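Please go through the sequence and the model below with this briefing at hand. The notes are grouped by topic and state the cut-offs behind each term.

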Amino acid sequence: CYRFLTFLRECFAGTVNISHTRSPTSDSANIKTLTDIFLYPVKSCAAQKVTRWKICSSGLLYDRNWMIVTDSGVCLSQKQEPRLCLIRPTVDVADGSLTLFAEGYDSIKITNTDDKESESSTNFKMCHSYKVCADRIVGDYCGNESTTWLTLVLGYKAHLIHQPNNQLRVTKQDSSSKISLANEAQFLMLSSTSAAHLCEHMLRITNDDYSTGNVISRFRGNFVIGGFEVFDEERWSRVQIGQQMFKCVGTCTRCQMICVDQSNATRQKQALLALSDIRGEMRFGVYLMYDGEKSSSDVYINAGDIVRPI
């Protein structure tokens with residue numbers, strides 16, 4: 001036995017320095033980062049995923065700068081029309097143009113509407129007043145071609161409206177801050193850990209196969225962060241993402257829109273039931289406002305940026 005122990009010491013002692021071995025739970029494995037960036041060029045339509053994007057005075061550049069309205073001027077959302085999630089907008093930053101995609105239809109490209117001439121073959125004027133989250137704004141009609149395309153896709157008359165820069169809305173939290181057609185704030189931040197926790201509860205309610213990505217898409221956030229504990233994000237007053245500072249201005253009250261599966265536009269109640277079960281209230285995600293220094297230089301945010309709660 002003594003000889004065997006001596007053999008082990010001679011062969012293996014010193015070959016592994018335990019005190020310097022990095023475990024799977026080391027700092028490098030727990031880096032807290034911004035994992036995804038999403039913008040929603042058309043309010044209530046599908047997301048455009050990006051890896052680097054510019055921050056402007058109202059949030060992410062081109063985020064919710066367009067909306068779809070009915071023939072009577074009512075702004076559509078997935079509450080009334082879940083199929084909006086199947087319309088996929090993409091913005092070209094080179095010229096500010098918007099391209100709409102929908103399965104089974106040709107795409108359509110809409111150029112910048114700021115200088116577009118009014119078209120008289122509809123009852124819409126170049127500028128028309130619309131109500132968004134109790135705010136009255138004046139929007140620019142994007143033309144007959146977009147109306148024809150949306151009417152074909154949705155099956156009833158609908159129009160694309162662009163929000164000009166001089167019609168930015170004032171936030172409820174800070175009268176000096178501006179937002180586009182977003183509901184409450186410039187940005188919405190989600191935690192992938194919190195989403196995974198909610199997904200687990202959804203799977204207990206039903207036999208359907210949900211993924212964390214599917215859950216995240218339902219909550220339509222701009223920033224998705226990873227590496228934190230469940231609901232850590234709700235305790236922060238400020239957060240630094242990369243070099244940019246943001247102020248946390250409250251949690252997001254959720255509605256029936258989270259029941260819409262963004263991949264197929266079907267309604268399912270599991271998300272609402274699970275959220276009520278684990279929270280006791282319909283809140284998920286944190287509103288952010290840009291809190292960085294005002295400068296003339298371009299401000300960008302990048303997927304992979306380090307996230308530091310302040």
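Strands β17 and β18 run antiparallel and are joined by five bridges, where strands (E, at least two residues) and helices (H or I, at least four residues) are DSSP runs numbered from the N terminus, and two strands count as paired if DSSP finds at least two bridges between them. This is a predicted model, in which local features need pLDDT of at least 70 and side-chain atom pairs count only at pLDDT 80 or more, while totals for chains, interfaces and linings use all residues. Residues are numbered from 1 along each chain as its sequence is written, and side-chain values use heavy atoms, with hydrogens and water left out.

**The sheet**

- An open sheet of eight strands, with mixed pairing, has the order β2-β1-β15-β14-β18-β17-β16-β20.
- The edges of this sheet are β2 (48-50) and β20 (307-309), each with a single partner strand, so one side of each is left without a neighbour in the sheet.
- Direction ignored, neighbouring strands of the sheet are turned by 35° against each other on average, the axes being lines fitted to C-alpha atoms.
- Strand β14 is joined to β18 by three bridges in an antiparallel arrangement, and L188 stands opposite Y287 in β18.
- Three bridges also join β14 to β15 (residues 223-226), but these two strands run parallel, with L190 opposite V224 in β15.
- Seven of the eight residues of β18 are buried, so this strand is largely enclosed by the rest of the structure; buried means under 20% relative accessible area, exposed over 50%, and partly exposed in between, with a 1.4 Å probe and protein chains only.

**Helix α3**

- Helix α3 (residues 192-205) has 14 residues and reaches 20 Å from its first C-alpha to its last, close to the 20 Å expected at 1.5 Å a residue, where the expected span is 1.5 Å times one less than the number of residues.
- The buried residues in α3 are S194, A195, L198, C199, H201 and M202.
- Seen down the axis of α3, these buried residues fall within an arc of 165°, so they line one face of the helix; the arc is that of the directions from the helix axis to the C-beta atoms.
- These buried residues pack against β14 (187-191), α4 (212-219), α5 (270-279) and β18 (283-290), with contact meaning heavy atoms within 4.5 Å.

**Helix α5**

- In α5, Q270, A271, A274, L275 and R279 are buried.
- Down the axis of α5, its buried residues fall within an arc of 130°, so they line one face of the helix.
- The cover over the buried residues of α5 includes α3, α4 and β18.
- G280 follows α5 and has a positive phi, near 75°.

**Q262 and its surroundings**

- Q262 lies in the loop between β17 (244-253) and α5, and Q262 is buried, with a relative accessible area of 13%.
- Not counting residues up to four places away in sequence, Q262 touches Q78, C85, L86, S217, R218 and R220.
- The side chain of Q262 makes a polar contact with the side chain of R220 at 3.1 Å, a polar contact being a pair of N or O atoms within 3.5 Å, of which, within protein, one must be able to donate a hydrogen and the other to accept it, and residues adjacent in sequence count only if both atoms are side-chain atoms.

How values were computed:
Axes fitted to C-alpha atoms, helices over the stretch in contact; angles between N-to-C directions.
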